[in-house]
Amino acid sequence: MSFLMVLYRIYQALIAVPLLLVVTIIAAVLTAFGSMLGFSRTMGYWPGCIWARIFCWLTFVRVKVSGRENISRRTSYVFVANHQGAYDIFAIYGYLGHNFRWMMKKGLGSIPLVGWACRVSGHIYVDNSSPRAVRETMSTAEKRLAGGMSVVVFPEGARTLDGRMHAFRRGAYALAMEFGLPVVPITIDGAYKVMPRSAILPRPGVIRLTVHAPIYAPESGRHELASLMKQSYDAIASALPEEKDAR
């Protein structure tokens, strides 16, 4: 480990981690109580957006975004992104520039305070434990979309273990088909180097978000599932180095 990295680890332990713990608690409390007071549309997004940016700033992670002009703040989308690591969340939350709700693993709901804040502000916990649980998850997601909200999904289902993009699952695309909503592919590149799944602490680095053009339903008003999945996969892969596409 280099001398600079040793200094960085000391900085993380003594300064960054304590500050981030305080910021996380404040963001969760603001999100939860603001949502319970009836401001969930605003408070379910902005505290988390600022929290994510502070996370990146304090850990010396820069996020560069291209293609943001492809989306409108007044339109509901189903965003789909590859999942390189934990910093995918901070990059999208802090820098996408569009209000949305996450579709996230049910297990994240057990995180003290944060899990509760996410639940009361309308984020969607994905439960695949039984057919009934899956139906309830989809019903919750449909309610969010029917209210004019966008959702963000990692269709791989989990962070990559090897830095490469793997096969997508169908759930996000079923929602897009149900509502005839445009799907927006997002490429995340660099988050694996910052903090892969096997790491405990991040490294300084640069994460690049590429927001691709929306994939709209054809004139019939209905997407075709296989085609929709392939188009979004190909779009995301197009902004990744070839070795990160494991198809």
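**Ground rules.** I am working with a predicted model, where local features need pLDDT of at least 70 and side-chain atom pairs count only at pLDDT 80 or more, while totals for chains, interfaces and linings use all residues. Residues are numbered from 1 along each chain as its sequence is written, and side-chain values use heavy atoms, with hydrogens and water left out.

**Helix H2.** I started with H2 (46–58); helices here are DSSP runs of H or I, at least four residues, and strands are E runs of at least two, both numbered from the N terminus. I checked its length against the expected span, 1.5 Å times one less than the number of residues. The 13 residues of H2 should span 18 Å, and its end C-alpha atoms are 18 Å apart, so the two agree. Next I looked up which residues are buried (under 20% relative accessible area; exposed is over 50%, partly exposed in between; 1.4 Å probe, protein chains only). For H2 I get Pro-47, Gly-48, Cys-49, Trp-51, Ala-52, Phe-55, Cys-56 and Leu-58. These pack against H1, strand E1 (61–66) and H3, with contact meaning heavy atoms within 4.5 Å.

**Cysteines.** Two of those buried H2 residues are Cys-49 and Cys-56, so I searched for disulfides, meaning a pair of cysteine sulfur atoms within 2.5 Å. The whole structure has zero. Cys-49 has a relative accessible area of 4%, and Cys-56 comes out at 0%.

**Positive phi.** Just after H2, Phe-60 takes a positive phi of about 60 degrees. Phe-60 sits in the loop between H2 and E1 and is partly exposed at 45% relative accessibility. Leu-113 is my other entry, with a positive phi of about 65 degrees. I find Leu-113 in the loop between strand E3 (100–105) and helix H4 (114–120), partly exposed at 31%.

**Helix H8.** I ran the length check on H8 (residues 225–238) too: its 14 residues should span 20 Å, and the end C-alpha atoms are 20 Å apart. Its buried residues include Leu-225, Leu-228, Met-229 and Tyr-233. Among the elements covering them I list strand E2 (78–81), helix H6 (171–179) and strand E6 (183–189).

I used a 1 Å grid over the protein atoms alone: a cavity is a set of points where a 1.4 Å probe fits but cannot get out, a pocket is an open set with protein on both sides within 12 Å along at least five of seven lines, and lining residues have an atom within 4 Å of a point. Points are joined across faces, edges and corners, and a volume is the space filled by probe spheres set on the points.

How many cavities of 30 Å³ or more are there? I count one, and the largest cavity has a volume of about 40 Å³. Of its 10 lining residues, the closest to the centre are Asn-82, Gln-84, Gly-163, Arg-164 and Met-165.

The second largest pocket holds about 300 Å³. Its lining has 20 residues, with Tyr-45, Arg-73, Gly-97, His-98 and Asn-99 nearest the centre. H2 turns up again here, giving the largest share of that lining, three residues.
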